[in-house]
Amino acid sequence: MMDRKAVVEPPAGSPANPIPLPKSKKLLEAYYAGKRLDSPLGGQLDVLGVREGKTGVGEVLLECNTSSLRYLLKIPKATKAEQAEAKKALAAGDELSCPRHGPEQRLVKSGKSWICSLCGVAYLKT
Ligand SMILES: [Zn+2]
């Protein structure tokens, strides 16, 4: 993170400046399971959008249904094992699916990346 002291930035939780959710395995597991996430300050989080982040991570933009504050959930990038598995499936001519969301969740090709539309993670680059 750059030193942004001198810069006037939009308030935390506003659409231009979503609050990063704490790194939590439990949170990620709930997200992968398709559960609605609890908002840190009460209420629940609705998914507004998913995007492919830089360096293969995914970014999920969420909005609290009580405070309307925006949050950002970072999804860790694909592991070596997940990449190898996707590569194997592609070579075998199988459909690629998200290793975290399960076989029903197909990966979609975007440019050179095979991405889960729920994770935003690129599991394979071709
Ligand atoms: Zn996924």
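The C-alpha centres of domain 1 and domain 2 lie 21 Å apart. The structure is a predicted model, in which local features need pLDDT of at least 70, side-chain atom pairs count only at pLDDT 80 or more, and totals for chains, interfaces and linings use all residues. Residues are numbered from 1 along each chain as its sequence is written. Domain 1 covers 19-75 and domain 2 covers 80-125; these bounds come from an automatic or database domain assignment.

The protein holds 2 helices and 8 strands. Helices (H or I, at least four residues) and strands (E, at least two) are DSSP runs, numbered from the N terminus. Their order from the N terminus on is β-α-β-β-β-α-β-β-β-β. The C-alpha trace spans about 50 × 30 × 20 Å along its principal axes. Of the 126 residues, 25% are buried. A residue is buried if 20 or more other C-beta atoms lie within 10 Å of its own, exposed if 12 or fewer, and partly exposed in between, with C-beta atoms placed from the backbone.

Contacts were assigned to residue pairs whose C-beta atoms, placed from the backbone, lie within 7 Å. Among contacts between residues at least 6 apart in sequence, 39% join residues at least 24 apart. Across the domain boundary, 11 residues of domain 1 are in contact with 11 residues of domain 2. On the domain 1 side, β2 (45-52) and β3 (58-64) are the elements that give two or more residues. By class, this side has 5 nonpolar, 3 polar and 3 charged residues. Here Ala, Val, Leu, Ile, Met, Phe, Trp, Tyr, Cys and Pro count as nonpolar, Asp, Glu, Lys and Arg as charged, and the others, Gly among them, as polar.

Two strands pair if DSSP finds at least two bridges between them. β1 and β4 pair in the parallel sense over 2 bridges. Isoleucine 19 stands opposite tyrosine 71 in β4. Leucine 61 belongs to β3. This leucine 61 is partly exposed, with 18 other C-beta atoms within 10 Å. Beyond its neighbours within four places in sequence, leucine 61 contacts Pro18, Leu48, Gly49, Arg70 and Leu72. Its C-alpha atom is separated by 11 Å from that of isoleucine 75, 14 residues apart along the chain.

Helix α2 (residues 80-91) has 12 residues. It reaches 16 Å from its first C-alpha to its last, close to the 16 Å expected at 1.5 Å a residue; the expected span is 1.5 Å times one less than the number of residues. Glycine 93 follows α2 and has a positive phi, near 80 degrees.

A further open sheet of 4 strands has the order β5-β6-β7-β8 and antiparallel pairing. β5 and β8 stand at its edges with a single partner strand each, so one side of each is left without a neighbour in the sheet. Strands β5 (residues 97-98) and β6 (residues 102-110) are joined by 2 bridges. A hairpin links them through 3 residues. Serine 97 stands opposite arginine 106 in β6. β6 and β7 pair over 4 bridges, in the antiparallel sense. Their hairpin has 2 residues between the strands, and glycine 111 takes a positive phi near 65 degrees there. Lysine 109 stands opposite tryptophan 114 in β7. β7 and β8 pair over 3 bridges, also in the antiparallel sense. Serine 113 stands opposite lysine 125 in β8.

The largest nonpolar core has 24 residues. Such a core is a set of buried Ala, Val, Leu, Ile, Met, Phe, Trp, Tyr and Cys residues joined through C-beta atoms within 7 Å. Leu107, Trp114, Cys116, Val121, Ala122 and Tyr123 have the most contacts inside it. β2, β3, β4 (70-75), β7 (113-116) and β8 (122-125) each supply at least two residues of this core. Both domain 1 and domain 2 give residues to the core, so it lies between them. Leaving aside neighbours within four places in sequence, tryptophan 114 is in contact with Ala86, Leu96, Leu107, Lys109, Ala122, Tyr123 and Leu124.

Conventions: Two residues are in contact if their C-beta atoms, placed from the backbone, lie within 7 Å.
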